[in-house]
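I opened my notebook to look up a few strands and helices. Here is what I wrote down, entry by entry.

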Amino acid sequence: MALNTRFLTLQILHKLLYSMQKVVHKEIELAGRKLTLETGELALHANGAILATYGETVVLATVVSQPASPDVDFFPLAVDYEEKLYAGGKISTSRFIKREGRPTEKAVLTSRLIDRSIRPLFPKDYQAEVQVIITVLSVDQENDPDILALIATSAALSISDIPWNGPIAGCRVGQQNGGYFINPTESEEEFSNLDLVLVSSENEVVMIEAGANQTDEKSIVGAIEFGLEKNKQVSDLIVDFTKEAGVEKQQYKPDKLEVTVQKQVKDFIEREIIKDLEKPGISQDEKWFDESLKLLEEEFVKDDSSEITSKQLARALEEVVADFLREKILAGQKRTDGRTPDEIRPITAKVSLLPRTHGSGLFQRGETQVLSIVTLGSPALEQLIEHMEGENTKKYMHHYNFPPFSAGEVRRLGPPGRREIGHGALAEKALVPVLPSTDVFPYTIRVVSEVLSSAGSTSMAASCGSTLALMDAGVPIKEPVAGISIGLVTDKKNPSKYVLLTDIAYQEDAQGDMDFKIAGTSKGITAIQMDIKLDGIPIKIVKEAVEKAKIARLSILEKILKAIPISREKISKFAPTVILVKIDPAKIGEVIGSGGRTINKIIAATGSAIDINDEGTVTISGKDPQACKKAAEWVEGIVKEAKPGEEYQGKVTRILPFGAMVEILPGKEGLVNISQLAPYRVNKVEDVVQIGQELKVRVVEVDDQGRVNLSARFGKDAADSQPQDFSGGRRNFSPRKFDRNRPRGFDRRRPPKRY
């Protein structure tokens, strides 16, 4: 009885607590649609929760923190973007699984986009475990929930007690006819040459993700400036919202070494470890940091009772190495591997490394090495993607693999992680704008980039290697694509002092302030991905980085074109043949036939695979080019309409009492009436033709029912031929002139019979 009373008391206290929550609601007009933020009603146990609405798209963003495990030596931030099929009013098409399963590729990419946007603004010494979960509750098929999810996350962190140097704001920028527009709807995106996602804090850039149709550098910078201006409206909304709904931030104690111990550790690192960074190749070695940390542990962690932890030593090593690299570059304008800031590592480009694949290319920059392989297939093999908004397909897929040996590590192999999915999507985005249309090259294309050696900027090496492989496979790409990563080193004491680094190596990526990946052609940019470790960078640095990337990109393109100047004229002999035949959608039934009889006959006779879509595109594929050609001619013959006067070399397929059926086109027959088989009177059809005999015929008429009437008489014989009766009669008679004086039974054309 006492337990029940206590439980009821707790329930009452919870209800009182919930009733005390203040519901805060703010909204603004953004790009002609209402953006709404609300808190205080849903997910009350979270440190911060925001229900955000844009148009009729709704997301719920929640943030929760808790003390991290003592053995965790990194900032454990997890961002999960959860797509729900019910948001779009859908039930999974799978017959066996109706729950949402593993995250889609888009969900993973959105999670990464939000993670890269919010991570730089957490205090560097904050080590609590933080989890961000964004649940998509409703989608309106017009407003993409990814930007709304980013804004909702920023607001949730801002009002929570979790330490964070926000807010940030995000928007999507499109371009059409030289003008920019913000947050285009899905229908508007189809007409945009640019898809740029910009995240900013006040007047500085925090994160950029973009896909572009060979857009020039000036237009890209203009889009960023346009987005910065529009983001202020969202930032002001979150600031006002936080003033009303925010709570006091957590107080935490950084896990640092004591001052005296910190100095001892720093002296040891500078004396025994830092000197190794001057050795060739060390700055590109991902194992170097772990090996150096082991030396520190051997020196300062004598036993399990030691107060010094591996986590503290790792942080101290990272700080000293970062300061060393920073000072060296800022002071002498030289990098640890001896390069100048604008210098690219030595490049090697090769093609046709593998004998049986459809195309292959090896790209190596310094010690970063990527092998890309192309596989061509029928359009029927394109990827079908099911998501909240519906279904769509992809004819080009780029997959990126990062095996442990590429970094000199040993770890369990498993499915691709978020990093692999993200890097593959970036390389895919870089190459999509230069791919040929289906009418020009009717193939499904899969590219796999295998990282063989990792020493910084493998995603951009994958873009370069894939260009080589596509050209080697005979894919007629519009322009070759190359990619480069631009790094940044700033002076902590004087942020206005900085150096941009072209083609960053591993340590410059790990310890530097920026990783700005830019891919494109000689005509313009096709993809961008920018991450920083600062709270933001000014637009001035972005402009300079874009220009440096262009110079480097053009230099790399020269190396690619030396390896293979143009795409090969022919595809590999091991690739399938694909032929597209366009037909009138109304004639699809004729090609398929009753119960699929006609199409199955073509498949059985030629061994080709045949697919037909609702638009009337017939895809014929197979290993034998001649068989595919025969199948294509067969389909074309079925839908071709014979016209009077056309001549064909046909084959007799059936013999009837009143004529012969002749196949003039594959699957299409016509009737040669007995009177049209020869220039003389024929008493019996078999006297002139036999089944299987080839017969030259001409089209005389196509009646209202689509029946084709033929004649085997040509020239003078055709002119003298008597008109036919196709109304169902079996013989044709010439009309006779009526003569009153002629005796009945008398025929003036023949002499009378004599008895």
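In which sense do strand β12 and β13 pair, and over how many bridges? I found that β12 (residues 359-365) and β13 pair in the antiparallel sense over seven bridges. Strands pair if DSSP finds at least two bridges between them.

Before going on, I noted that this is a predicted model, where local features need pLDDT of at least 70, side-chain atom pairs count only at pLDDT 80 or more, and totals for chains, interfaces and linings use all residues. Residues are numbered from 1 along each chain as its sequence is written, and side-chain values use heavy atoms, with hydrogens and water left out.

Next I looked at the hairpin of β12 and β13. Two residues lie between the strands, and Gly 366 takes a positive phi near 65°. I also saw that Gln 364 has Gln 369 in β13 as its bridge partner.

Then I turned to β13 and β17. Strand β17 (residues 444-453) runs antiparallel to β13, joined by nine bridges. Val 374 has Val 447 in β17 as its bridge partner.

I checked how covered β13 (residues 368-377) is: nine of its 10 residues are buried (under 20% relative accessible area, with a 1.4 Å probe and protein chains only).

My last entry is on two helices. Helix α7 (residues 288-300) and helix α8 (residues 310-332) pack at an angle of about 125°, with their axes 10 Å apart.

Key
Buried < 20%, exposed > 50% of the residue type's maximum accessible area, 1.4 Å probe, protein only. Helix = DSSP H or I, 4+ residues; strand = E, 2+ residues; numbered from the N terminus. Axes fitted to C-alpha atoms, helices over the stretch in contact; angles between N-to-C directions.
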